[in-house]
Amino acid sequence: MTVYSEDGTTFSFAGGTGSISWTSAEITETGAVLNRIAQLLDPLVDRLRSEWSWLADAGAAPYPFECLDLMRGAWWQCTSLQCGIASLAKKTTQVGINYAQAETLNARAMTETERVAKTRAGLDVWAWGALAPAKFGADLFKVLTRAKHEGLRDTVEQVLRESGAYLAGAQGPGIAMMFLISAMGRKGNGPAGERQAFLLRKLFDATTLTLPGHLAVREVPAQEWDPKSTEFYPAGHANATGGEPCTVEVSIEGMLAGSSEAYDYPPGSIGVVRLKRPDGTNAWVVHLPGTEDWSTMDSSNPFDMEGNIEGLTAASQKEFEQQEVLVQQLIKTGLASSGAVAGEDVVLTGHSGGGIHAAAAAADPAFLADVNVRMIVIAGAPAKNSGVGDEVSVLDLQNENDIVTALDYGPPPPSKNWVSVTSHRPAAAEDGTLAGIVADAHSIKNYTNDATRLDQSNNPAVAGSRETLRNLLGVGVAGAAIGGTKWVYQGRDVNNGTKAKPEPKSTSAPVWSNKTGSEDRYRLGIR
């Protein structure tokens, strides 16, 4: 479905309320309800049968015979109704199972079809012999044409998925056949994108481009939050304040605005916000920035390229020497230090790499055992194949030209809880450079503008996400503001070995703590 905004921006939606996956889930849940109704009829059937037996044993003519007939009829009708409901429940539940199986088989068939087709396309290049470069150029032209009409994201996703088959075919029939045979055994190795990240991290570890480390954390005083403020102090020149009053707009735009602000904090910092709901309970929002250090593979900033790989491989974390995702540890430490109690509702927000970490945390059973993540709001993040369960609501904003979001190799499986929104913004300039288009597509500012438009959307899936957010944070009116308390915590990736990690430029003399153990675990209620 696509809707249009006043400035020409359009949106496409997938998943969530109103989608096929949502309807299928509702049907499956209806089957469970019907089965419960059938079970609840058991006492009534037993009572009718016992009353009929009692009247039959009484044997007092002529009065009991009419009652016997009525009672027996009621018993049989109730038994028939129970059997009918139980049968309907079974069939209804099977509908959901059949749909899930059909989707899985369909996705697998499409993957196989794409693989064979691209292998044949590669074989065509090989068949051209000395003119193979010309054939390759023609294929590349088709790809560029598609990118112009359908957007860079979908094009890059397809190239990432199909490039292996194409290159194998270009090596000749022998290599192509070996590739197709080997591809048949990959069905259980996880989604595309996750395998590549796993192998990449193994390579980085083996070549010591990344080294295992541990997390050090400090609370950032309010005077260091905004370098543009007149009261700003460099790191180490102010004391922590124990939280500052703040106001949060409970909207999609308000959530992403928090992640946008996180970019202004000292490098490697997250924002932790406690909101007091009308019923007196607390809700928490944790704002994550995106990748902050692109120049160094393994820096002291946990939001670097190493951190991104940690998030993308969080599902197989035990396979690596460093078995902790440092950003997840930073989130838990920040919540514990701010006074969060186990079981309190938590919303995570993140842009780009922050979205990777938000989704990875929401999909990690060990993290969820400690932190009750109920919803994540992410933008510009390649996180669709992270495996977030149905118990966590997801609102995922993307743009048709954002190639960063293509790094997970394709769309997520159909899901009632995962709402994907793709924006189609008018080009800033018709003659814009490719770099400019890519930067514009991935900009947190532009995603925040998209969020402002989506706060006014009447799409059922987006409206459902807004309602979920309002219910979690205890606000009944869309876009209402709620008061809270905010803390900022800075994380530092400290190398376990002798090789020091490059330091962020803006940290001069902060006081760090390695205390992420027993006291913080106790405050979170972790055992």
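A disulfide is defined here as a pair of cysteine sulfur atoms within 2.5 Å. By this rule, the count is 0 disulfides. The structure is a predicted model, in which local features need pLDDT of at least 70 and side-chain atom pairs count only at pLDDT 80 or more, whereas totals for chains, interfaces and linings use all residues. Residues are numbered from 1 along each chain as its sequence is written, and side-chain values use heavy atoms, with hydrogens and water left out.

Cys246 is buried, with a relative accessible area of 17%, and Cys83 is partly exposed, at 48%.

Helices (H or I, at least four residues) and strands (E, at least two) are DSSP runs, numbered from the N terminus.

Strands are taken to pair if DSSP finds at least two bridges between them. Strand 6 pairs with strand 5 (residues 269-276) in the antiparallel sense over 6 bridges, and Val285 of strand 6 is the bridge partner of Val273. The hairpin of strand 5 and strand 6 has 5 residues between the strands, and Gly280 takes a positive phi near 90 degrees in this hairpin. Strand 6 is also joined to strand 7 (residues 345-351) by 6 bridges, and these two strands run parallel. Here Leu288 stands opposite Gly350 of strand 7.

In helix 6 (residues 173-183), the buried residues are Ala176, Phe179 and Ala183. These residues lie on the same side of helix 6 because they cover an arc of only 65 degrees around the axis, the arc being that of the directions from the helix axis to the C-beta atoms. Met178 and Ile181, on the other side of helix 6, are exposed.

A nonpolar surface patch is formed by Phe136, Leu140 and Leu144, with about 290 Å² of accessible area together. Patches are made of residues with over 30% relative accessible area and no salt bridge, nonpolar side chains (Val, Leu, Ile, Met, Phe, Trp, Tyr) being joined within 5 Å and like charges within 9 Å. A salt bridge is a side-chain nitrogen of Lys or Arg within 4 Å of a carboxyl oxygen of Asp or Glu. Leu144 is located in helix 4 (residues 132-150) and counts as exposed, at 53% relative accessibility.

How values were computed
Buried means under 20% relative accessible area, exposed over 50%, partly exposed in between (1.4 Å probe, protein chains only). Accessible areas come from the Shrake-Rupley method with a 1.4 Å probe; for residues, only the protein chains shown count as cover.
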